[in-house]
Amino acid sequence: DLLRTKQSTTSLSLRDCGVGDEGLLAIANVLETHQGLVDLHVSGHVASIVGVVAIARAVAGSPRLLRLSIGERTLDVQKLRGSDGSKSLEIDGVAHGPTGEVGRPRQRLDDLLVTSALLGANTRLQRLGLTNCSLSGRHAAAALENILKDCTALTSLDISRNPWREGLPALFEAMPRIARSLLELDVSQSSPGLYAIAAAADMLLLATPNPGDPGEGAMGIATGPVPPIQRLILPYEPLVARRSPVEMPVVPAVTSDTPTADGEVVAGLIDARDALLSLARAALSSSTLLEIQLGHDGPLLPVRSWRPGSHASVAFENKRFRATDATLLAFMAGSGGGAFGLTFKMCELGDGGCADLSDSLRAPHVALQRLVLSDGKLGARALAVIAASLLPNSPALAHLDLSGNSKLGSNGGANLSAFARGLEANHTLTELDISRARVPVACLL
């Protein structure tokens with residue numbers, strides 16, 4: 001009542017006053033029309049999520065409020081709401097949402113609820129970063145879902161360096177329904193990475209319309225996939241062994257407007273290589289995805305070049321390919337098969353990466369004609385796999401460059417003899433470069 005009658009009031013502090021739902025709802029009803037209030041402090045309340053959500057929505061619509069203290073910190077209302085006209089916002093290192101620390105989870109959840117409501121009111125927002133903010137679980141997923149639903153102009157979202165856990169599958173499941181403008185998504189350095197990869201594959205498949213599906217456009221006009229992702233950066237997950245099943249939390253999607261308590265986690269098994277194969281196939285099926293990357297420092301892998309009929313050339317130089325990077329690339333190359341040329345120049349591909357690549361490129365639909373693996377520190381194992389797998393079975397390979405790999409012939413006679421037999425079994429190769437590879441030409445004649 002005081003606020004209604006005194007429109008000149010600029011600051012109200014109810015810190016540690018134990019304000020309940022009734023009090024927060026009453027304040028919320030006044031906020032949207034009050035012309036003077038710029039500072040509001042309601043930390044230490046005893047209200048439920050219902051009261052917090054009400055105050056969050058009221059703050060988002062307040063004409064004058066500049067600062068709100070409700071959780072652990074004071075929030076810059078105008079900045080989050082985009083009142084300055086900014087189309088980009090980066091929040092780094094500010095913890096949001098529940099944590100395991102005694103006495104603090106609820107306060108951080110308040111910050112998360114209000115922050116998401118304010119960001120949702122920013123209709124100009126195009127680029128958003130919430131990095132290293134301790135985002136985790138279904139609470140965070142629900143908050144991000146609300147932001148994506150309200151920020152219809154958002155094209156870039158960076159939510160990397162957050163623990164996430166079971167939150168990512170729920171968020172990925174919701175994206176095909178709400179992220180209609182999202183072109184770039186970064187969830188790198190999240191944990192655990194393996195089920196984030198699997199969830200991303202499901203998202204891409206859900207985002208791809210079925211042939212002949214008119215979508216949701218008026219008069220039956222196709223609207224295209226949602227989200228229309230063009231660049232996707234996922235967590236890097238090391239391949240310790242060829243098959244390494246791990247437990248994967250499977251959580252139902254969050255669909256309510258407000259965060260709910262974490263649901264039951266069901267243990268399942270997922271294999272690392274199976275997850276990468278699913279991701280490769282889902283990426284190729286996407287009509288919008290151009291690039292995919294594992295980890296913030298991994299090589300950027302083109303997607304469209306591998307689609308059937310692309311006839312493209314793919315080149316990498318001075319890039320380090322970890323086992324997971326090489327395996328994903330190999331699966332895309334083998335599943336799509338459309339590129340005519342593939343070059344690795346001074347790249348750390350490794351014998352294991354070369355083995356996966358050789359196995360994938362022998363598929364009958366692969367159109368690859370030119371393969372360059374120069375100065376890649378490849379050894380005897382790589383030579384053996386190329387000899388036994390790629391050369392006898394490659395359907396179109398005409399040019400093979402192994403120059404500069406000085407360890408290729410390190411195991412001597414047996415591998416060189418196998419390489420010679422592989423060349424003899426090949427019927428497509430017209431050019432072979434083994435300069436600076438220490439492979440005696442006499443052994444191949």
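**A serine contact and a helix pair**

In this predicted model, the side chains of S435 and D433 are joined by a polar contact of 2.8 Å (a pair of N or O atoms within 3.5 Å; within protein, one must be able to donate a hydrogen and the other to accept it, and residues adjacent in sequence count only if both are side-chain atoms). S435 sits in the segment after β18 (431–433); strands here are DSSP runs of E with at least two residues, helices are runs of H or I with at least four, and both are numbered from the N terminus. Beyond its neighbours within four places in sequence, S435 is in contact with S403 and G404, contact meaning heavy atoms within 4.5 Å. N405 is 30 residues away from S435 along the chain, with 8.6 Å between their C-alpha atoms.

Now for the helices. Helix α8 (residues 193–207) packs against helix α9 (residues 272–285) at about 25°, and their axes lie 8 Å apart. Axes are lines fitted to C-alpha atoms over the stretch in contact, and angles run from 0 to 180 degrees between N-to-C directions. The pair is therefore roughly parallel, the label for angles under 35 degrees. On the α8 side, the contact includes L194, I197 and A198, while α9 brings in residues including A272, A275 and S278. The residues of this contact comprise twelve nonpolar, two polar and no charged.

Residues are numbered from 1 along each chain as its sequence is written, and side-chain values use heavy atoms, leaving out hydrogens and water. Local features need pLDDT of at least 70 and side-chain atom pairs count only at pLDDT 80 or more, whereas totals for chains, interfaces and linings use all residues.

Notes
Parallel < 35°, antiparallel > 145°, perpendicular 65-115°, else oblique. Nonpolar A, V, L, I, M, F, W, Y, C, P; charged D, E, K, R; others polar.
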